[in-house]
Amino acid sequence: MTLDRSVSRRRLLQLVGGATVTATVAGSLSACGGDGGSSSSGGTLKVIGVGDQEAGLRKVLDAYKASHSGFDFNLSFAPADQVQTALRTQLGGGNAPDVHVVYPGNGSAMSMAQLGKAGLLTDLSSQSWTQKVPAGFKGAFQHDGKTYIFSPGSSMLGAIYNKKAFATAGVEPPTTWSELLAVCDKLKKKGIVPIAVGAQTPWITQLIPYALVPGTVYAKTPDFDDKMSAGQASFADSGWADAMDKYLELQKKGFFNDNPNGTTYEQATSMVGTGKAAMAVQVSAVLSAFRAAAPSPDDLSMFPFPATDVAADNWIPAGVVVGIAVSAKSKQADQAKSFLDYCGQQENLNTWAEAVSCVPLYGDAKVDPALTSFLPNLKANKAVPFMDQRWPNAEVQPTHFAVVQQLLGGKTTVQDALKKMDEAYRKGA
């Protein structure tokens, strides 16, 4: 999932640290590779990420610098939508940063499979941490048997909610679809926006469907992705239609903020943090941003977003979080690979995972208390990867973004939207 599964438009990042650290607020990639080449002058490693990575990536870079004499880095961030275009162009032109954001699996222009297939990433398979990647996650890390991406773990996708707003309405986190509707109705009657949706930021559009289809699709058809690949299933004739209908039901009942297509991710984050809105469907990787928008971090927590009235069928989406890779054209490749090997050490992986509220890729570590309600689903194997990680090309995801915005704007129907997604899917790899 592009987030930014992850993550977004303008990031007003309060970046501190050494003079070598550069922040891109307006989304420019010029701070990375602006010299026209992928080499890093003076041995400085150029690194670019998306905002969701900031908390963890910075901590590990700072720790690596402290333990490696002579090492320095230039760190910048860009919006997810620009990563899909400008950074992808830089990679193709051979002038990308040494270490850069990459999305797990397949399904976007900056995904591991698409870039690995194009020969734009450095093979990391010789690093010892790659042998610890759980078998179920290898498809997110590997293409043709080679590992090209490091990621600290898996992110939960559900509702980030304001506990004070829930208390004001006298409600608790729901466990079924009917309970969710009742909770939203009580919140609305108290003058609280039940669900904040910032669909002006394209990647936000995918989150509610991703939260619903594990229950409407995969709980009934666990091998749905395999059936899609074999041409035996389609979006239009599956539980995707139920999920999209429910998306629109929430809007028609007035449970969203006014004009979702004119609301940004940052605005939705602020609404939930301040209690103007009660919740937003999001990935746990951005929980720190929501906490930063609240008077107290303890005001916020998460719960699985229910899709059906059968609690046992309410599976969850849990996908490998956005990671980093080494450009195949990097002139600092040895240094870059050394840093990724450092990231794979258990202590450093745990540091990154804790900072972005994800479950560590391997080993035992403390899990953010906000995620405890998701753990039973993980243990019961009632979790599925973010949907785009199994899509065959980079066409389906932007089509999904576009049709959801059209649905929210009343410009298309659920069947027409899903038919467009089917057409994009059938374009193949």
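**Exercise 1.** In which helix is the place of Leu349? Determine also whether Leu349 is buried or exposed, and list its contacts beyond the neighbours within four places in sequence.

*Solution.* The structure is a predicted model.

Step 1. Leu349 belongs to helix H13, which covers residues 346-355.

Step 2. The relative accessibility of Leu349 is 0%. Buried means under 20% relative accessible area, and Leu349 therefore counts as buried.

Step 3. When neighbours within four places in sequence are left aside, the contacts of Leu349 are Phe150, Pro152, Cys343, Pro360, Leu361 and Tyr362.

Step 4. A further distance may be noted: the C-alpha atoms of Leu349 and Ala365 are separated by 9.6 Å, and these two residues are 16 residues apart along the chain.

**Exercise 2.** Describe how helix H1 and helix H12 cross, and state which residues meet.

*Solution.* 

Step 1. Helix H1 spans residues 54-67 and helix H12 spans residues 333-343; their axes come within 10 Å and cross at roughly 110 degrees.

Step 2. Angles of 65 to 115 degrees count as roughly perpendicular, so H1 and H12 are roughly perpendicular to each other.

Step 3. The crossing of H1 with H12 is right-handed.

Step 4. From H1, the residues Leu57, Val60, Leu61, Ala63, Tyr64 and Ser67 take part; they meet Gln335, Ser338, Phe339, Tyr342 and Cys343 of H12. By class, this contact comprises 8 nonpolar residues, 3 polar residues and no charged residues.

**Exercise 3.** Carry out the corresponding analysis for helix H7 and helix H9.

*Solution.* 

Step 1. The axes of H7 (residues 207-218) and H9 (residues 239-252) come within 8 Å, with a crossing angle of roughly 135 degrees.

Step 2. H7 passes H9 in a right-handed crossing.

Step 3. On the H7 side, the contact involves Ile208, Pro209, Tyr210, Leu212, Val213, Thr216 and Val217; on the H9 side, it involves Gly239, Trp240, Asp242, Ala243, Met244, Lys246 and Tyr247. These residues divide into 10 nonpolar, 2 polar and 2 charged.

**Exercise 4.** How many disulfides does a search of the whole structure find, and are Cys343 and Cys358 buried or exposed?

*Solution.* 

Step 1. A disulfide is a covalent bond between the sulfur atoms of two cysteines.

Step 2. The search of the whole structure finds 0 disulfides.

Step 3. Cys343 has a relative accessible area of 1% and is buried. Cys358, at 2% relative accessibility, also counts as buried.

How values were computed. Residues numbered from 1 in each chain as written. Predicted model: local features only at pLDDT ≥ 70, side-chain atom pairs only at ≥ 80, totals over all residues. Heavy atoms only, no water. Axes fitted to C-alpha atoms, helices over the stretch in contact; angles between N-to-C directions. Helix = DSSP H or I, 4+ residues; strand = E, 2+ residues; numbered from the N terminus. Parallel < 35°, antiparallel > 145°, perpendicular 65-115°, else oblique. Left-handed = near helix turned anticlockwise from the far one by under 90°. Contact = heavy atoms within 4.5 Å. Nonpolar A, V, L, I, M, F, W, Y, C, P; charged D, E, K, R; others polar. Disulfide = S-S within 2.5 Å. Buried < 20%, exposed > 50% of the residue type's maximum accessible area, 1.4 Å probe, protein only.
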